[in-house]
Amino acid sequence: MQGLSTPFNRWGGLKPALVVAASAVVLAGCGARGGEGSSSAPPASGEPASSGAPSSTPPASSTPPATMAGWVRYSEAGFSIAAPSGFTPDPAHDYTALGPGKDIKGFALTIPASLAKGTNLGANSYVAVETLPGTTPCAAAPFLDSPTAAPSVTTNGISYSVATGSDAGAGNFYDETVYAVQGSSPCLAVRYYIHSLNIGNFTPGTVKAFDRAALVAQFDAIRATLTVDQIK
């Protein structure tokens with residue numbers, strides 16, 4: 001994996017369609033991000049949206065959880081996922097860290113700037129749903145440059161192959177976890193991308209360390225809303 005030289009340099013890709021939840025609520029705070037953001041649990045059951053317009057028809061292979069008030073459900077080719085409304089969708093996500101000609105396209109949800117404000121968390125941190133055609137069987141390792149295998153997990157009936165990766169340079173840290181949907185074709189995966197800065201490089205007292213556990217819990221809540229059309 002390669003570090004970023006500037007924020008937001010990994011984009012290029014899909015066209016979004018979204019369904020906005022009926023009403024907004026204040027979501028639970030995400031720890032060290034100045035009391036802002038969300039670490040709320042994922043939606044629980046029920047109410048999906050298909051691409052382009054509100055709908056009650058779920059994707060073929062699974063029924064998505066109900067979208068909580070204040071969350072937005074996005075439907076793309078082959079999947080749908082929901083996130084708090086403060087997350088910024090990027091339908092042109094392009095992961096380039098594997099090198100020239102090895103781009104991985106997808107759909108990203110970048111954290112609200114408020115989650116990073118006042119902390120050493122990079123505002124370009126995100127959750128992304130990516131596809132990697134030709135990866136059979138579908139596994140997490142091909143999505144990372146130097147993967148480390150992690151135990152597989154099952155969330156809401158979806159079984160994931162899991163791998164992690166990390167890199168550092170010039171006072172920047174990059175931590176990634178990839179959850180590849182086993183049996184999906186083309187291979188589909190959820191990537192957690194966490195960019196942080198060396199807090200020792202800041203004047204003492206000017207920023208605080210971000211709450212990694214709370215951020216990962218928020219990303220887990222988003223992943224728990226994933227539905228996938230084709231799982232063998």
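Predicted model: local features only at pLDDT ≥ 70, side-chain atom pairs only at ≥ 80, totals over all residues.
With that, take Ala-170, which sits in the loop between β8 and β9. Its phi is positive, about 50 degrees, although the residue is not a glycine. Is Ala-170 buried or exposed? Exposed, because its relative accessibility is 81% and the cut-off for that label is over 50%.

There's a second one like that. Asn-156, in the loop between β7 and β8 (158-169), has phi near 50 degrees, again positive and again not a glycine. Asn-156 also counts as exposed, because its relative accessible area is 54%.

Which brings me to the prolines. The bond from Thr-136 to Pro-137 is cis, with omega near -5 degrees, and Pro-137 is in the loop between β6 (126-132) and β7 (148-155). Then the Ser-185 to Pro-186 bond is cis too, omega near 0 degrees. That Pro-186 is in the loop between β9 and β10 (187-197).

Now let's go inside. Ala-180 is part of strand β9, residues 172-181, and it's buried, because its relative accessible area is 0%. What does Ala-180 touch, leaving out residues up to four places away in sequence? Cys-138, Ala-139 and Ala-140 are among its contacts, as are Ser-159, Tyr-160 and Ser-161, and also Cys-187, Leu-188 and Ala-189. And Val-190, 10 residues from Ala-180 in sequence, is 6.4 Å away, C-alpha to C-alpha.

On to the nonpolar cores. The largest has 32 residues, and the ones with the most contacts inside it are Ile-81, Phe-87, Leu-109, Ile-111, Phe-219, Ile-222 and Leu-226. Apart from that core lies another, of 19 residues, with Leu-132, Cys-138, Phe-143 and Tyr-193 among them. If you click on Phe-219, you'll find it touching Phe-87 and Ile-111, plus Tyr-126, Val-127, Tyr-192, Tyr-193 and Ile-194, not counting residues up to four places away in sequence.

Last stop, Ala-224, in the loop between α2 (212-223) and β11 (227-228).

Definitions and conventions: Residues numbered from 1 in each chain as written. Heavy atoms only, no water. Helix = DSSP H or I, 4+ residues; strand = E, 2+ residues; numbered from the N terminus. Buried < 20%, exposed > 50% of the residue type's maximum accessible area, 1.4 Å probe, protein only. Contact = heavy atoms within 4.5 Å. Core = buried A, V, L, I, M, F, W, Y, C linked by side-chain atoms within 4.5 Å.
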